[in-house]
Every structure is written in structure tokens, then in C-alpha cells.
Amino acid sequence: MSSSSLHRLPTPAARLSEVLADLAGRFAETAAAHDASGSFAHENFAQLHAYGLVAQVVPAAHGGGGAGLAEARQIIGAIARGDAATALVLTMTYLQHRAIGRADSRWPGMLQRLVFQSAVEDGALINSLRVEPELGSPARGGLPETVATRVGDRWRIRGHKLYTTGIPALRWLAVWARTHEPQPRVGVFLVPRDAAGSDGIRVIESWNHLGLRASGSHETVFDDVWIPFENAVDIRPPSAWAPAGASQADIDANADQQAWMVTLLGTLYDAVARAGFDWIVQFTRERVPGSLGKPLATLPRVQESIGEMTALLRTNQILLDDAAARTDAGAPPSTADSGLVKYTVTSNAIRTLELALQLSGNHGLSRNNPLERHYRDVLCSRIHTPQNDSILTAAGRAALGI
């Protein structure tokens with residue numbers, strides 16, 4: 001695709017399925033190579049931007065596609081069947097665009113416009129940088145070690161973040177940090193990749209993971225990086241971030257954001273399982289062992305396993321479609337119910353590929369075939385927040401009335 005053919009406009013709904021099928025096919029052709037080398041697929045994001053898809057969740061008033069959750073789910077599902085790592089980076093940008101564009105968003109208007117305009121015009125990516133070596137995931141509590149110090153009319157950022165998905169291409173870094181004050185506040189600071197002192201933004205290319213190897217989820221270190229005072233997006237006392245201190249508006253916003261996160265991540269891993277399912281169906285149709293003299297697909301045992309996979313994936317579709325529809329209608333599932341959706345969908349996706357591997361034998365474990373990559377990718381679903389132990393403990397406490 002030549003640069004002259006890039007229209008960078010939101011893709012109309014009527015053309016979306018056609019565009020997504022084309023892009024998924026292209027991305028699938030290079031996914032294995034990027035996975036093997038751990039290289040970041042910059043070219044994939046250039047193509048996504050060519051069709052306005054990076055900005056598809058940006059509100060229409062800001063020039064984006066104004067997509068709701070159902071449409072965002074359609075996009076992520078298609079892209080993940082081609083290249084799961086690309087879909088993960090796009091998911092993170094979509095989640096940030098949703099948070100920024102909500103009617104009750106705490107993002108200052110100036111920063112909203114900057115982020116949205118750059119997405120529409122340049123395909124600029126954004127992600128939240130939260131996890132730290134000592135803190136771990138902020139979802140489990142604790143103050144971040146990353147510190148924002150006010151010096152005159154600027155903030156100086158110092159800290160160390162892990163798992164900064166997409167960092168090779170991110171334009172905007174939404175950094176979770178605490179203030180250097182007698183009584184620290186905690187919140188989000190927007191750091192442009194080209195911020196003053198951006199030579200102090202160091203990327204440690206440590207991502208050498210089992211799955212999603214091309215997601216560029218490296219470490220990022222901030223050594224005296226300066227941002228304007230206005231780039232403090234939303235900083236509050238720690239107690240105001242705790243569930244007990246949340247207002248009803250915060251509870252509603254959290255439920256909406258959780259539904260978006262769970263639905264898009266669930267869609268991603270469900271799509272990976274569907275890619276593996278497609279492969280095993282074709283394999284059993286074409287594989288004719290000499291001892292059998294006919295395709296594996298003719299065996300009742302194989303048919304039963306394929307049927308079980310179909311049931312698992314059908315359950316996922318119903319759960320994810322329902323969550324998207326309810327959220328788009330303004331009545332998202334509760335955060336607890338969203339957690340159970342995540343647990344069920346990702347467990348079903350993993351089980352689907354385990355069954356596929358049982359049918360394929362050594363063929364499924366060979367790197368000459370995509371099934372082993374799909375299996376490695378789908379296992380990453382277990383570590384995304386909310387994690388299974390938190391989901392099940394909350395569900396158990398609710399059932400027990402504790």
C-alpha cells in the first residue's frame with residue numbers, strides 16, 4: 001500500500017468486515033516471523049491507521065469513528081485472528097480512548113484534544129503504564145514508586161515501569177505515579193514520548209515472554225523526564241481511589257471501563273482460540289493416517305472433541321455479545337460479573353486449544369504450524385487483570401455473604 005493511498009478516515013460500517021478480513025489475512029502472513037524474533041510489527045499499525053482504525057473509538061466529535069463496544073469487539077476479534085500481539089496493542093489504545101472520551105471523564109479538554117487529534121491524524125498510540133518491579137499490579141493496592149515532583153510550572157517524572165505494551169510505537173504514556181508531597185496524591189500523568197528530557201525515557205528490551213512476543217511489552221525507565229503542570233490528568237489522595245472512597249459516578253465509570261476491558265481482552269483471546277479451532281478443523285479434514293485410510297474427521301472421538309470446542313466457543317460468543325450490547329445500552333455488567341465473564345471466556349479459550357493439541361499430536365506442537373503459537377498466546381490471558389484468584393475470591397465471598 002503506497003502512502004498516497006492512505007485515506008486515514010474512519011472506516012464506514014458497511015466496509016468494515018471487508019477491510020478487517022483483508023487486514024487479518026495480511027497480518028497472519030507475518031505473525032509467525034514477528035513471534036519468532038520478538039520484533040514489533042510497525043507495518044501493521046501503519047495499515048490500521050490507513051483505514052482510520054487506530055482512531056475508530058475516538059468520538060466522532062473529535063474526528064474519530066465513534067465506535068461503541070460491539071464495533072470495537074468486531075475489530076479486535078478480526079485483528080487477533082491475524083496477529084494477537086497487534087490486537088493487544090490496539091486494545092490498550094482503545095481502552096484509553098474510551099476512558100478519555102467518556103462524558104464523565106476527568107481528562108482536561110486540552111489533553112483530550114491532543115491525544116485524539118494525534119490518533120486521527122497520525123495513528124498515534126497510547127497506553128497506561130502502571131505495573132512496577134516492587135509494586136506489581138496496582139489493582140492489588142499499594143503506592144507506586146514512580147514519583148512526580150512539581151518544580152515550578154512542570155512535573156519531573158522518575159520511575160520504572162514493567163510490561164509497557166506497545167512501547168516501541170507509543171506516542172503517549174499515561175503514567176501511574178504518586179506526587180512528592182508530605183501527603184502524596186496518586187494518579188495519572190500524561191507523558192508525551194517526545195517530552196522535554198525525553199532522552200531520559202529509556203526502554204529496556206527485556207520482553208522475552210512465552211506468548212504475545214511481538215507486543216513490545218518491555219520495561220520503561222523515566223530519568224528526570226519533564227512534563228507541563230497541566231499534564232497531571234487526575235491525581236487524588238490514595239483513599240479516593242480505594243473502593244470504599246468511590247463516589248457513585250466513579251462506581252459507574254469503573255463498571256463501564258471494566259466491561260470494555262473484559263470484553264475486548266476476552267474477545268482477543270477468544271479470537272486466538274478460534275484461529276486455532278480453524279486450523280484443527282482443517283487438519284482433521286485433511287489428515288489421512290495410513291493406518292486409518294480416511295480423514296481423522298471421520299472418527300467419532302474427533303467429532304466429539306470438535307463438538308466440545310464448538311460449545312465452548314459458542315458460550316464465549318453469547319457472553320461477549322451480551323456484555324457488549326449491555327454496555328453500549330448504558331447498563332454494563334457489574335465489575336464482579338465482568339470478572340466472571342473474563343474467567344469463563346478465557347478458561348474456555350484455553351480449554352479449546354488444549355483439546356486441539358490433543359487431537360493434533362506432534363503436529364500441533366511443531367513451530368511449522370500456528371497452533372503452538374496460538375496456545376502460547378492464549379495462556380497469557382491468565383495474567384491480565386482481573387486475575388482468576390481475585391475473580392473467584394470475590395465471587396465466593398458474594399455467594400457466602402461475607
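Let me start with helix H3, residues 69-82, and helix H4, residues 84-101, which in this predicted model pack at an angle of about 155°, with their axes 6 Å apart. Because angles over 145 degrees count as roughly antiparallel, H3 and H4 are described as roughly antiparallel to each other. On the H3 side the contact is made by Ala72, Ile75, Ile76, Ile79, Ala80 and Gly82, and on the H4 side these meet Ala84, Thr86, Ala87, Leu90, Thr91 and Tyr94.

A second pair of helices gives another arrangement. Helix H7, residues 248-286, packs with helix H9, residues 335-360, at an angle of about 10°, and here the axes are 9 Å apart, so that H7 is roughly parallel to H9. The contact of H7 with H9 includes 16 nonpolar residues and nine polar ones, together with two that are charged.

That brings me to the interior. In soluble globular proteins, nonpolar side chains tend to be buried together. Which residues touch the most other members of the largest nonpolar core? They are Leu53 and Val191, in a core of 81 residues, and H7 supplies the largest share of this core, with 14 residues. Setting aside the neighbours within four places in sequence, Leu53 is in contact with Thr11, Leu16, Val19, Leu20, Leu23, Leu48, Ile75, Leu90 and Tyr94; of these, Ile75 belongs to the H3 side of the helix contact I began with, while Leu90 and Tyr94 belong to the H4 side.

Let me turn to charged pairs, where a search of the whole structure finds 21 salt bridges. In one of them the side chains of Asp256 and Arg98 meet, at 2.9 Å from N to O, and since Asp256 lies in helix H7 and Arg98 in helix H4, the pair ties together parts that are 158 residues apart in sequence. Is Asp256 buried or exposed? Asp256 counts as buried, at 6% relative accessibility, whereas Arg98, at 25%, counts as partly exposed. Asp256 also forms a salt bridge with Arg102, the closest N and O atoms being 2.8 Å apart, and this pair again links distant parts of the chain, with Arg102 in the loop between H4 and helix H5 and Asp256 in helix H7, 154 residues apart. Arg102 counts as buried, at 13% relative accessibility. Through shared partners, salt bridges join Arg98, Arg102, Asp104 and Asp256 into one network.

I will finish with some details of the backbone. Most residues other than glycine have a negative phi, and most peptide bonds are trans.

Key. Residues are numbered from 1 along each chain as its sequence is written. This is a predicted model: local features need pLDDT of at least 70, side-chain atom pairs count only at pLDDT 80 or more; totals for chains, interfaces and linings use all residues. Side-chain values use heavy atoms; hydrogens and water are left out. Axes are lines fitted to C-alpha atoms, for helices over the stretch in contact, and angles run from 0 to 180 degrees between N-to-C directions. Helices (H or I, at least four residues) and strands (E, at least two) are DSSP runs, numbered from the N terminus. Angles under 35 degrees count as roughly parallel, over 145 as roughly antiparallel, 65 to 115 as roughly perpendicular and the rest as oblique. Contact means heavy atoms within 4.5 Å. Ala, Val, Leu, Ile, Met, Phe, Trp, Tyr, Cys and Pro count as nonpolar, Asp, Glu, Lys and Arg as charged, and the others, Gly among them, as polar. A nonpolar core is a set of buried Ala, Val, Leu, Ile, Met, Phe, Trp, Tyr and Cys residues joined through side-chain atoms within 4.5 Å. Buried means under 20% relative accessible area, exposed over 50%, partly exposed in between (1.4 Å probe, protein chains only). A salt bridge is a side-chain nitrogen of Lys or Arg within 4 Å of a carboxyl oxygen of Asp or Glu.
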